[in-house]
Amino acid sequence: MKFSKPDQSDYARSAAYLLIYLLVIGGSAFRLLPDQWYLWGLLVLAGLALLVSWHRGQMVYQCPKCGHVYKLSFWVDLVAPHGVDKDGAWLLLRCPACRQRSKTRVLKRVE
Ligand SMILES: [Zn+2]
């Protein structure tokens, strides 16, 4: 598996997808709520699942303590605390190799 540091265009693409998602959710809320709230809820969940599975396919994570590189399960990717600082995006994760909990850098998979 090859990987590299994400660059500006990766962040821009993630932000664009997130924006599209929020626009779809916001726009459809006017049409579907409150009468068809279940349809809207389905749209919210389906969109979220799509976003997370896309993100999962793109990204791997490297433990800062031992250097182990790994992928995340759907739920961990969804619920782990996320953040961005001057060095890029990070998640608070427990490494499967050394079991240390730390701010883990996000890396991009390269084919
Ligand atoms: Zn580790």
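This is a short tour of the structure, one selection at a time. The model is predicted.

**Whole chain**

Start with everything shown as cartoon. The protein has three helices and six strands. Trace it from the N terminus, and the elements run β-α-α-β-β-α-β-β-β. Along the principal axes, the C-alpha atoms fill a box of roughly 50 × 30 × 25 Å. Now colour by burial. Of the 111 residues, 7% are buried. Contacts come next. Among those with a separation of 6 or more, 59% link residues 24 or more positions apart.

**Select residues 8-32**

This is helix α1, with 25 residues. How many of the 25 residues in α1 are buried? The count is zero, and α1 is hardly covered.

- From α1, pick Y17, Y21, V24, I25, S28, A29 and L32.
- From α2, pick W37, L39, W40, L43, V44, G47 and L51.

Which classes of residue make up the contact of α1 with α2? Twelve are nonpolar and two are polar. No charged residues take part.

**Select residues 82-85 and 88-94**

Move on to the strands. Residues 82-85 form β4, and residues 88-94 form β5. The two pair in the antiparallel sense, over four bridges. For a spot check, centre on V84: A89 in β5 stands opposite. Then look at the link between the strands. A hairpin of two residues joins β4 to β5.

**Select T104**

T104 sits in strand β6, residues 101-110. Is T104 buried or exposed? T104 has 23 C-beta neighbours inside 10 Å. The cut-off for a buried residue is 20 or more, so T104 counts as buried.

Now display its contacts, leaving out residues up to four places away in sequence. T104 touches Y61, Q62, C63 and P64, as well as W90, L91 and L93. Finish on one of these, L91. T104 and L91 are 13 residues apart along the chain, yet their C-alpha atoms are separated by 5.2 Å.

Notes: Residues are numbered from 1 along each chain as its sequence is written. This is a predicted model: local features need pLDDT of at least 70, side-chain atom pairs count only at pLDDT 80 or more; totals for chains, interfaces and linings use all residues. The expected span of a helix is 1.5 Å times one less than its number of residues. A residue is buried if 20 or more other C-beta atoms lie within 10 Å of its own, exposed if 12 or fewer, and partly exposed in between; C-beta atoms are placed from the backbone. Two residues are in contact if their C-beta atoms, placed from the backbone, lie within 7 Å. Ala, Val, Leu, Ile, Met, Phe, Trp, Tyr, Cys and Pro count as nonpolar, Asp, Glu, Lys and Arg as charged, and the others, Gly among them, as polar. Two strands pair if DSSP finds at least two bridges between them.
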